[in-house]
Amino acid sequence: MIPRLAARAGKASRPSPAGFDRRLIPPMLVGSVLNPVNSSMIAVALVPIGVAFGAPPAETAWLVSALYLATAVGQPVIGRLVDMYGPRRLYLAGTALVGVAGLLGVLAPSLGALIAARVLLGFGTSAAYPAAMRLTRSEAERTGQDSPAGVLAALAVANQTVAVVGPALGGLLIGLGGWRAVFTVNVPLSAACLVLGALRLPRSATRRRRVDLPGMALFALTLVALMLFLMHPRADRWYLPALSAAAAAAFAVRELRTEDPFVDLRVLGGNGPLLATYLRQLLAYTTSYAFMYGYTQWLEQGRGLSASTAGLVLLPLSVTALLVSTLTGRREAVRAKLLIGSVLQIAGCALLLLVRSGSPLWLVLAIGALLGVPQGLIGLATQNALYRQADPERIASAAGLLRTFTYLGALGSSAATAAFYPHRADTAGLHGLALFMLAGSALLLATTLPDRSLGWLTPQRPTTTGKA
């Protein structure tokens, strides 16, 4: 009897070669929400944290920036390690680090320690998304069937859902246990990831490969210097973009000369479609974050709404994005999604030029609902495009770079918002910001229309070698 049960258990534990191993989906989904839940919950915790440590908003803002910096650098770096050593090791190490960072946040005696906890969170949450992309590719190679749209859509919907409920969850936790409860949530999430990952993620064969540490260090220096400048772009900080440019030049020389580079610039430079996808990600999320930051501030200062009411006004944006992602996720249709998304983004930005402080509430709500559609379409399109265009052997690091361009867009939009709102978020500043967003959306459309390669991104039988 026992041998028979063992045989059944062994048989059940092996995934069917006929389709995607669905046991992988729970650890992929839970791991993927670690970053958005920490990005969104902190928004409602900044004020009570500032009060607790006697810190002004300029200092508590580092709690946001530290996560952006660590994640923008960490995703491609950890993604490369995922490509080299397999997703299981990096997934478990990253999610364990999330739990450690959560405990550090709970016990943090100072704002500096809290910022350090956010840096650790950024690095820890950087493993799950590249690991998920690597697992998706590996399953396609194992089964010989290439149908990842539903899996990739599930990742996108999970991220968007958590981003929507994050502020409300953060407010509830603060009400129950104070601002430290916002960090506490990482402990059970980390434990769930560790259990699911240990039980369900496949082991990978160990391959001895040299890690390009100098290349990773130069990449990190390039990105950190650039992002620090984008956070507060001023003439007296000229040395930051100069340092970034010098580090980038050294990085290029290093990567072109080393045998196993962190970023294979020869392959990447010859992959025009993938470079275009990175550019579209930057353009799309610059507009998306500029609207989220800029419109929210205008609703409060230019329209005179309370913070809670402004949050409710933005709810149609999130709901529409979720619905669009859910309804269209299983169909790749990359080019159609990019074209429709960019056209609707242009329309939404143009409508912002009609907004005044006395505009009717229906118009204010409608603009948010309209701009939620491209938010749902474009994110799915660029994710699916990257899956098709990236070198299969470097899919995780390529996915990490996609997230890096997302955060560069976030920081660029933040700089633009500060430039158009030098003193307060008035209507004239909103209109200037709308023109900035309109230009970015037009560029997004211009990079999509002539790109015929997007029409060739159809499911193909995967192979274990070659470039996608």
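Colleague: Which side chain does R254 meet in a salt bridge?
Modeller: The side chain of D212, at 2.8 Å from N to O. Keep in mind that this is a predicted model. The pair links distant parts of the chain, 42 residues apart. R254 is in helix α14 (residues 239–257), while D212 is in the loop between α12 (186–200) and α13 (213–231).

Colleague: And are those two buried or exposed?
Modeller: R254 is partly exposed, with a relative accessible area of 28%. D212 counts as buried because its relative accessibility is 3%, and the cut-off for buried is under 20%.

Colleague: How many salt bridges are there in the whole structure?
Modeller: A search of the whole structure finds seven. One of them is between R280 and D451, whose closest N and O atoms are 2.5 Å apart.

Colleague: Where do R280 and D451 lie?
Modeller: R280 is in helix α16 and D451 is in the segment after α22 (427–448), so this pair ties together parts that are 171 residues apart in sequence. R280 counts as buried, at 1% relative accessibility. D451 is buried too, with a relative accessible area of 13%.

Colleague: What about R23, which side chain does it meet?
Modeller: R23 meets D21 in a salt bridge, 3.1 Å from N to O. R23 is partly exposed, at 28% relative accessible area, whereas D21 counts as buried at 8%.

Colleague: Which residues are linked in a network of salt bridges?
Modeller: That would be R80, D260 and R394.

Colleague: Changing topic: how many cavities of 30 Å³ or more does the search find?
Modeller: Three, over the whole structure.

Colleague: What classes of residue make up the lining of the second largest cavity?
Modeller: Eight are nonpolar and five are polar, with no charged residues.

Colleague: Last one: where does T382 lie, and is T382 buried or exposed?
Modeller: T382 is in helix α20. T382 counts as buried, at 2% relative accessibility.

Colleague: Which residues is T382 in contact with, leaving aside its neighbours within four places in sequence?
Modeller: Those are T277, Q281, L338 and L402.

Definitions and conventions: Residues numbered from 1 in each chain as written. Predicted model: local features only at pLDDT ≥ 70, side-chain atom pairs only at ≥ 80, totals over all residues. Heavy atoms only, no water. 1 Å grid on protein atoms, 1.4 Å probe; cavity = no way out; pocket = protein on both sides within 12 Å on 5 of 7 lines; lining within 4 Å. Points joined across faces, edges and corners; volume = space filled by probe spheres on them. Nonpolar A, V, L, I, M, F, W, Y, C, P; charged D, E, K, R; others polar. Helix = DSSP H or I, 4+ residues; strand = E, 2+ residues; numbered from the N terminus. Buried < 20%, exposed > 50% of the residue type's maximum accessible area, 1.4 Å probe, protein only. Contact = heavy atoms within 4.5 Å. Salt bridge = Lys/Arg side-chain N within 4 Å of Asp/Glu carboxyl O.
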